[in-house]
Amino acid sequence: MAEGTLSWERVQVEREVETVSRPSLSYWQDAWIRLKANRRALISLYLVIALVAFTLLGPFVWTVDPAAQDLDQISVPPGADRTATVVGDYSPWRGVTATATADDGGELAAPVSVSVVDQPTTNSVRLRWDPVPGAGGYRVYRNRYDPEPDGALGLPIAEILNPVNVSFEDRLDLKAETYFYSVVALDGRGRESPNYTTATAGVTRVITAAEAVEKGLIDNESDVQLGDTVEMAFHPLGTDYLGRDMLARLMHGARVSLFIGIVAPFFFVIIGILYGSAAGFMGGRADQVLMRFADFVVALPFLLFMILLRILFNVESGDSGIGPMLVAMVLLSWPAAARLVRGQILQIREEGYIGASRLLGAKTNYLILRHMIPNTMGVILVTLTFAVPSAIFTEAFLSFIGMGVAPPTPSWGSMCNEGLKTMLTTPHELIAPAAFISITVLAFNLLGDGLRDALDARMRATE
Amino acid sequence: MLLYTVKRLIQGIVTVWFIATATFFAMHGVPGDPLMNDKAVKPEIRANLEARYGLDKPIHMQYWIYLKNMASGDFGISFTQQNREVNDIIREHFKVSATLGILAIVFAALGGILWGALTALYRNRAPDIVIMFLVILGISVPGFVFAALGQLSVVEINDWLGFTLFPVAGWGTVQHMIVPSMVLGLGTMAFLTRLMRSSMLEIANSDFIRTARSKGLPVTRILRKHQLRNAILPVITVLGPSIAAITTGGFVVELVFAIPGLGRYFVQAVQQSDYTVIMGTTVFYGAFLVFMVIVVDVIYGFVDPRVRLE
Amino acid sequence: MSPLLQVNDLRVEFDTYGGTVQAVRGVSFSLDKGKTLAIVGESGCGKSVTVQSIMGLIPMPPGRITSGTAMLDGVDVIAEKKIDGKDIRGRLVGMIFQDPMTSLNPTMTIGDQIAETLQVHQGMSHRAAFSRAIELIDMTRIPEAAKRARQYPFEFSGGMLQRSMIAMSLACEPLILVADEPTTALDVTIQAQILDLMGDLQRERGMAIILITHDLGVVARMADEVLVMYAGEVVEKGGVDDVFYRSAHPYTLGLKAAMPSNRDDSVQELTPIDGSPPDLFAPPAGCGYFARCPYAMQACEHNHPESFDLHADHFARCWLHHEDCDVDAADVFRKISESP
C-alpha cells in the first residue's frame with residue numbers, strides 16, 4: 001500500500017443513531033412479501049382462486065345441465081370418438097329360419113358358425129347361426145370382453161325356444177363398441193350345452209336425421225343425407241353411468257364440496273376463537289373446566305351425531321343432508337381451534353409487551369384489539385387453511401358411505417362413490433372427482449404451509 | 001408412572017361416561033325420539049327393546065338402566081333384527097377390524113419413522129424430493145381412492161402373476177390382510193413421514209446435538225442415541241389421534257374389500273337406521289378409542305422421562 | 001515452547017438467501033498450555049464461529065471454511081478428516097455452551113451422557129464409564145452425585161446443568177476447554193460459582209481455556225490473554241492488563257465505556273457505541289469500525305488497517321498507531337484510559 005496516499009485528516013462520519021436499513025413494514029405487508037417469495041404457496045393460491053372461479057363462474061361458461069342424461073353416450077371416457085353416421089328409419093327384420101339335419105343323439109354341438117348380418121349399429125345387431133342337430137332352442141349371450149379363455153359368456157340376452165329360428169336381433173342398449181355374442185344350443189328340456197360359438201360385432205354409432213334434429217345436433221333434416229356423419233354432444237370430461245356430463249357435474253359438485261369445505265371451517269374456527277380466548281382470558285379454574293369440556297367434545301363420536309342431526313333435520317336415508325353435515329362438523333370440530341387460540345392467548349399474555357402496554361395504562365379492550373387479535377390472526381388463518389382439506393375429506397367420506405350428499409345431487413364425494421362401482425370398466429368416473437378432491441386438498445395444504453411460513457416465524461417449518 | 005396411569009384411566013372413564021350420556025340424551029332429545037317412535041318396529045322386537053331399555057319407564061330410570069347395561073359391558077340389542085345382540089356383533093366382527101387397524105397403524109408408524117428419518121438425512125437431495133412428493137400426494141388423496149387403487153393393483157398383480165397372490169376381497173388368511181392394511185395405513189404414513197421429517201430436522205439443529213458432536217461421538221451413535229430417539233417423541237404423541245383416523249378409514253376399506261369387520265357392520269347399521277346398534281357400537285368405539293389414547297400416552301411416558309417422572 | 005493451539009488466517013463464509021456472509025475474515029491466534037484466552041466482541045462479530053469452525057461444529061453447507069489452519073498437538077484439525085475415536089473433539093478439546101438447559105439430551109440421564117464420551121474415546125465399558133461419570137459429577141461439586149447421575153436434565157437447575165456440562169467436557173481430560181459464553185444464561189450468583197469451578201479445575205489439571213464472552217468482567221477475572229474481535233476480524237490482541245489498561249483500539253475503548261463499573265467512586269455514565277457493525281455481505285474495504293469510530297480519519301475509510309505491534313504480544317489494527325499519523329495515538333488512548 002502506498003503510504004504516501006494515506007491521509008490523516010480527521011473526518012466526522014455522519015451517523016444515524018437508529019439506522020433503519022429497510023423500510024418498516026406492517027405485519028401483513030411483510031407476510032405478503034414472504035408469501036410471494038414462496039413459489040409453491042403462490043401457485044396454490046392461484047389454484048384455489050381458479051377453483052373458486054370454476055365453481056362460481058363455470059356453470060355460466062359451460063351451461064350443460066348436470067342432471068340431463070345423454071343416453072347415446074353413457075359412461076363415455078373423455079376424448080372418445082363421438083361421430084355418428086346418419087341412417088334411415090329403422091325397418092324391422094323378419095329373421096332367418098332353418099331346419100337342422102337329423103339328430104345323431106350325441107351331446108349337443110355348438111353352432112357351426114355364427115355371423116353378423118348387415119352392418120352392426122347402435123340401432124340393431126343382427127345375428128344368424130347354423131342350426132344345431134337335436135337342439136330344442138338357443139340361448140344368446142352378450143359380453144363386452146372376449147369370452148376366451150375363461151368361457152365367460154356375459155349377459156344372457158335372449159332365449160329362443162323354437163329350434164327353427166336361428167337368428168336374433170339385439171336392440172338392447174347398444175353402445176359404439178365391440179361386443180362378443182355367443183350362441184349355445186338348448187336341449188328339449190331347456191338345458192344348456194357346454195359348447196358355444198362366438199361372433200364379434202364392432203358396433204358403429206348411427207343416428208337418424210330426425211333424432212339428430214331432436215337432439216339439437218343439426219338444424220334441419222335436409223342438412224344431412226344418409227351416410228353423412230354428425231358429431232354427438234360434446235362432453236369434455238366424458239359422461240357418467242347415467243350419461244350425465246362429468247364437467248357440469250364436477251362444477252355443481254364443487255359447490256357442495258367447497259361450500260362445506262370452506263363454510264364449516266369458517267364457523268368452527270370462529271367458535272374456537274371465542275371459546276379459546278374466553279378460556280385463555282379467564283384462566284384458572286374456569287379455563288380448566290372449559291378445556292376439559294372441549295376434551296370431551298373431541299371424544300364424541302362424529303358419525304352418531306351426523307345420524308341424529310339427520311333425524312333432527314328430517315332427512316330420510318337416501319336423501320341429501322348438507323345441513324346436518326355442516327352442523328355436525330361445526331359442533332364437533334371447534335375444540336382443536338379453541339385449544340390453539342387458548343395456547344396463543346396464554347402465551348401472549350405472558351409476553352413483555354403486554355405488560356408494558358398495561359403499565360402504560362392500556363385498557364383490556366385495547367389490549368385485545370391491538371395486541372391479542374393481531375398476534376393470533378396468523379395462527380388462526382393457518383388453522384383455517386389446514387381445516388379446509390380435512391373438511392373436504394370429511395364431506396367426501398360421509399357422501400361415500402351414504403351419510404352426506406345423496407344422488408342425484410352431485411358432490412365430489414358422492415361422485416367418487418358412484419365412480420367406484422364402475423372403477424374397473426370406466427375408471428374416468430372415479431378419477432375425475434378424485435383428482436379434483438386431491439388437487440383442492442393439495443392446494444390448501446401447500447397454501448397452509450406457505451401461510452405458516454409467512455405469518456409466523458416461530459411456526460416456520462424447518463424446510 | 002403408576003399414579004399417572006391411574007389418573008389417565010380415571011379421566012378415560014369419565015370421558016366414556018360423557019360419551020355415553022351425550023349419546024343417550026342426543027338419542028332421546030331428538031324430536032320424534034327414534035326409540036319411542038314405534039312405527040316400523042315389529043312388535044316382538046319392540047317387546048325386547050322395552051325390556052332391555054326400560055322404554056316404558058320415565059327417562060331418568062331409562063338413563064340409569066342404560067348406564068348400568070353399558071357399565072356391565074352390555075351394549076344392547078338390534079332395533080331391526082330380532083334377538084340380535086350388539087355384543088354378539090362386536091364379538092364376531094371387532095377382532096377383524098382390530099387386526100386390520102393394528103396392522104395398518106404398525107405399517108404407518110414404521111413407514112413414517114423410516115421415511116421421515118430418511119428424507120431428513122437426505123434433505124433436499126433426490127430421495128427426499130421423491131419421497132416428499134409422494135407424501136404430499138398421500139396427504140391429498142382421500143382414503144377411499146387408495147382403497148380403490150389398492151384393489152385395482154391387486155387385480156393387476158394377480159393377472160400378471162397368473163395366480164391369486166392377494167385375494168381381491170374377503171378376510172381370513174395373511175394374504176387377505178396385507179393389501180387392505182397397507183391401503184388403510186397409507187394416509188397416516190404420509191402424515192407421520194412429514195411429522196418425523198420436520199421433527200428430525202428440528203432436532204438436528206438443536207443445541208444438544210451440537211453438544212453430542214462436540215463430544216466427538218461417531219455420527220451413527222449421534223443419530224441413534226440422540227437424534228432418532230428425540231425425533232420420535234412427537235410421532236408417538238399423534239399416534240392416539242392417528243388410531244381414531246385409522247378406525248374411521250377402516251369403515252371405507254372394509255366396505256371396499258368386503259371385509260367382515262365391525263366398521264362395515266356399523267356403516268350398514270347407519271344405512272339401515274338401526275339406532276340401538278349405532279348407539280351401542282358408538283359407545284364401544286368411543287371407549288375403545290379413549291382406551292387406545294391412554295395406552296399411547298402411557299407408552300409415551302416410558303419413552304419421555306419428563307412425563308414419566310412428573 | 002511451541003503453543004498448544006496455533007490458528008492461522010482462518011476465514012469462514014456462510015451462504016444465505018441474501019448472499020454470502022464473510023463471518024470470519026482472517027483470524028490468527030495462539031494458545032499456550034494452561035493459559036486462558038478470552039475472545040470478546042459484540043454479537044455477530046464471529047467469536048463463536050471462530051471456535052466452532054476449529055471444532056468442526058459449523059454446519060457445512062451453508063458454512064464453508066475458505067482458508068486457515070489450526071495446529072493442535074502437531075495436527076491441523078481443520079484439514080484432518082475426522083476419524084471416529086481419533087476425533088479431537090471430546091478427547092483433546094472439551095466444550096461447554098451458552099444455554100445448559102437446551103444443550104443436554106432431554107431423554108438421556110446425565111450420567112449416561114457423561115459416560116458416553118468415555119465409552120467412545122477410551123473404550124470403557126458402560127459400567128466403568130458410569131462410575132467414572134459419578135466421580136466427575138462429584139468433582140463439579142454437585143451433591144449426591146450417584147443419585148444425580150441417574151437423573152434427567154429436566155430434574156436439574158441451570159447451574160447444575162452447566163456443572164454437568166463441565167463434567168462432561170472434562171471427562172477425557174482434554175488439553176483445552178472451550179467455553180462459549182458459559183455464564184450468559186445463568187443467574188449472577190451462579191455465574192461466579194461456575195467461573196470459580198472452571199478456574200479451580202484449570203489449576204488442578206493445567207488445561208488451557210478458550211473463553212468466549214461479551215462480559216468484560218468475566219474477562220478481567222479469568223483471562224490471561226484477550227482477543228478483541230470486530231466484524232469477523234481480530235482488532236486488538238494482548239495480555240489482559242495490556243488490553244484493559246493500555247487499550248490500543250477505539251473499539252476496545254468503546255466496549256469498556258459501555259461496561260458498567262462497580263467502583264464506588266465512579267459516577268461515569270454508560271456510553272453506548274452508536275450505530276451497528278458493518279454488513280458482512282460486503283465488508284468495507286477500509287476499517288470495519290470506521291463508521292462508528294470517534295477518531296475516524298480519511299485514511300480509515302478505504303485502507304484496511306495493518307496490525308501494529310505495540311509491546312510484546314500486544315497489537316492492534318488501527319491507523320492511529322501509524323508512525324506518520326500526526327495524531328498522537330498514545331496520547332489519545334492514555335487520555336481516554338486514564339480519565340476519571
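Helix α8 of chain B is followed by Gly216(B), which has a positive phi, near 75 degrees. The model is predicted, and the values reported here are computed from it. In chain B, α8 spans residues 207-214 and is largely enclosed by the rest of the structure, because six of its eight residues are buried. These buried residues are Phe208(B), Arg210(B), Thr211(B), Ala212(B), Arg213(B) and Ser214(B). The elements that cover them include α9 (219-237) of chain B and β6 (93-96) of chain C.

In chain A, helix α5 covers residues 246-282, a run of 37 residues. From the first C-alpha to the last, α5(A) reaches 53 Å, close to the 54 Å expected at 1.5 Å a residue. Gly283(A) follows α5(A), and its phi is positive, near 65 degrees.

Chain C is divided into two parts, domain 1 (5-223) and domain 2 (229-338). Taken over C-alpha atoms, the centres of these domains of chain C are separated by 29 Å. Their contact involves 23 residues from domain 1 of chain C and 16 residues from domain 2 of chain C. On the side of domain 1 of chain C that touches domain 2 of chain C, at least two residues each are supplied by β2 (19-31), β3 (36-40) and α7 (216-222) of chain C. The most is given by β2(C), with ten residues. By class, this side of domain 1 of chain C has twelve nonpolar, eight polar and three charged residues.

Conventions. Residues are numbered from 1 along each chain as its sequence is written. Chains are lettered from A and ligands numbered from 1 in the order in which they are written. This is a predicted model: local features need pLDDT of at least 70, side-chain atom pairs count only at pLDDT 80 or more; totals for chains, interfaces and linings use all residues. Domain bounds come from an automatic or database domain assignment. Two residues are in contact if their C-beta atoms, placed from the backbone, lie within 7 Å. Helices (H or I, at least four residues) and strands (E, at least two) are DSSP runs, numbered from the N terminus. Ala, Val, Leu, Ile, Met, Phe, Trp, Tyr, Cys and Pro count as nonpolar, Asp, Glu, Lys and Arg as charged, and the others, Gly among them, as polar. The expected span of a helix is 1.5 Å times one less than its number of residues. A residue is buried if 20 or more other C-beta atoms lie within 10 Å of its own, exposed if 12 or fewer, and partly exposed in between; C-beta atoms are placed from the backbone.
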